[in-house]
Amino acid sequence: MDTWLKRIRPDANQWSQNAIIICMTIALLFAILLPLGELVIKAVTDQNGNFIGFMHFANYFSTPALVMSLWNSIKVSTVTTIISVTLGFGFAYALERSAIRGKWFYRSVGLLPLFAPSMLHGLALTYLFGNQGLISTGFFGLLPEFRIELYGPIGIVMAEVLYTFPQAFLMLSVALASADYRMYEAAETLGASKWRRFWTVTVPGTRFALISAIFVCFVLTFTDFGAPKVVGGQYNVLATDLYKQVIGQQNMQLGAAVGVLLLIPAVISFVIDRISQRKQSGWLSAKSTPYRIERNKLRDGLFYTLCSAVSAVIIGIILVAVYGSLVKVWPYNLSISFAHYEDFLDGEGPFVTSLLIASATALIGTVATFLFAYLIEKSRGHRLLRQSAYFLSMLPLALPGLVLGLIYVFFFNNPNQPLHGIYGTIWIVILCNIVHFYSVSFLTMTSGLKKLDSEFEAASESMNVPWYRTLLRVTVPLSLPTIFEVFLYYFINSMVTVSAIIFLYAPDLKPAAVAIVNKEDSGDIAQAAAMSTLIIVANLLVRTAIMWVSGKIQKRTDALLVRTKE
């Protein structure tokens with residue numbers, strides 16, 4: 001009997017693991033691949049479903065105004081990318097390669113825009129450089145006026161730089177932090193100057209991160225909807241064109257063609273990033289030595305100036321938006337009042353709806369992501385099945401939010417689809433958010449699981465312990481810091497995103513980020529700023545709570561790892 005059990009339990013483990021992988025792979029097919037196919041079909045068919053080839057694309061490129069929108073998107077994305085990557089590199093270099101003080105403060109401020117919806121930057125710029133802005137009017141006559149053409153490419157670029165700067169800074173900071181100092185010593189021994197060492201060692205060492213940062217910033221700007229909506233004025237871009245075609249004119253077929261155009265740079269970025277990641281492996285070895293920072297007053301003084309200037313701009317933008325949300329009637333009655341917040345704090349308002357959506361997204365998304373990542377990384381089932389599941393898990397990286405929302409409209413609004421019932425409910429918004437942020441969460445979880453010794457699974461298998469028991473008793477406790485990190489990522493991004501859900505929300509289930517767009521549309525800038533402020537506060541509070549709990553658990557996890565090694 002014991003021999004029979006030993007033979008059957010490993011098989012049962014493998015069969016149950018494979019069954020779950022198959023179920024979750026099918027779920028990804030319905031959530032990603034099939035809706036994407038629906039987009040392609042819409043782009044090459046007419047309203048009656050007849051195949052017309054590339055007619056919609058030909059119509060698009062034969063319309064001068066629409067072609068101009070494409071070129072506008074390319075121009076503002078290019079300029080934004082150059083500025084964001086340059087500032088991000090300088091900021092990251094200052095924190096990783098200089099001896100300036102207060103690095104924790106500068107790092108925290110540099111990440112602040114991640115906690116705010118992209119519309120906030122446009123709203124703050126309106127308060128500063130709009131027709132009645134603080135700087136435009138010289139602080140209402142106290143100083144000389146300074147006016148710029150905010151509503152157009154200048155405003156979009158300014159807002160998008162604030163939006164994409166943290167992304168570039170994070171990616172380049174990681175690359176600059178992982179350097180082998182022996183290469184700098186070798187270059188110095190060969191007589192290379194500091195400037196030459198920078199171009200021959202530092203830049204090549206971060207080239208893959210630079211490539212990734214360039215494409216990420218370009219795609220984020222190219223596909224962003226929030227900033228062009230607030231400060232774009234009459235300067236149309238591809239993202240606002242898509243919104244107008246789908247929402248304004250109900251032209252789904254042409255909207256599908258625009259969606260495909262939005263998809264192209266994202267797919268190119270995805271492919272290049274994957275190639276870069278593969279080539280990047282092996283840059284550091286076990287014999288690598290950490291970078292040693294030498295004091296240099298001139299260098300540190302310049303970096304102090306850069307970091308202080310960037311931080312002042314970021315803090316100033318957020319404070320201006322907060323101040324605007326507290327002013328009764330800008331610019332005629334500048335007395336402070338919380339009246340603009342009252343509509344958002346009732347039990348059924350957009351802010352509470354967003355908290356519910358973000359919490360459900362974070363909870364369901366974290367559980368599903370962890371289970372799938374664990375089975376792909378730790379199971380020993382069919383390799384082809386796991387590779388297919390991994391490929392599907394990477395697909396959302398190549399899907400801009402607007403395109404994802406659009407393909408969900410096409411797919412789930414079809415009465416013939418088995419999941420049509422969730423269309424128009426809160427569940428399709430939650431599903432969209434999970435898929436939108438799934439790939440990064442999956443990669444984070446996979447990286448965390450790779451750090452755990454595979455001997456845990458081997459030992460439990462040799463003792464005929466079911467895999468789920470090992471998962472719950474060993475893997476989950478050891479992975480709690482990563483789990484909390486993924487939970488926080490889902491929550492924050494679900495609170496601030498607007499592009500992915502702008503087509504999907506129901507009128508009685510309006511998320512906070514969408515409410516900002518609607519308030520800005522109707523001219524209620526103060527209420528839009530108030531909602532943005534609430535989102536920032538909620539994200540910061542949740543992050544603080546999660547980090548506190550994670551720190552407590554990390555100490556217990558470290559102690560557990562020590563005991564298991566003993």
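Leu 39 contacts (heavy atoms within 4.5 Å) Ala 256, Gly 259, Val 260, Val 403, Leu 406, Ile 407 and Phe 410, leaving aside residues up to four places away in sequence. The structure is a predicted model, in which local features need pLDDT of at least 70 and side-chain atom pairs count only at pLDDT 80 or more, while totals for chains, interfaces and linings use all residues. Residues are numbered from 1 along each chain as its sequence is written, and side-chain values use heavy atoms, without hydrogens and water.

The largest nonpolar core has 155 residues. Such a core is a set of buried (under 20% relative accessible area, 1.4 Å probe, protein chains only) Ala, Val, Leu, Ile, Met, Phe, Trp, Tyr and Cys residues joined through side-chain atoms within 4.5 Å. Leu 39, Tyr 408 and Phe 503 have the most contacts inside the largest core. Another core, of 6 residues, lies apart from it and includes Phe 115, Leu 488, Ile 492 and Ile 553.

Mean pLDDT (the predictor's confidence in each residue, from 0 to 100) is 82 for the protein. At least 70 is reached by 87% of the residues. Over residues 1-10, pLDDT stays under 50. The model has 4 contacts beyond four places in sequence for residues 1-10. Where pLDDT is low, the predicted coordinates should not be read in detail.

How values were computed. Buried < 20%, exposed > 50% of the residue type's maximum accessible area, 1.4 Å probe, protein only.
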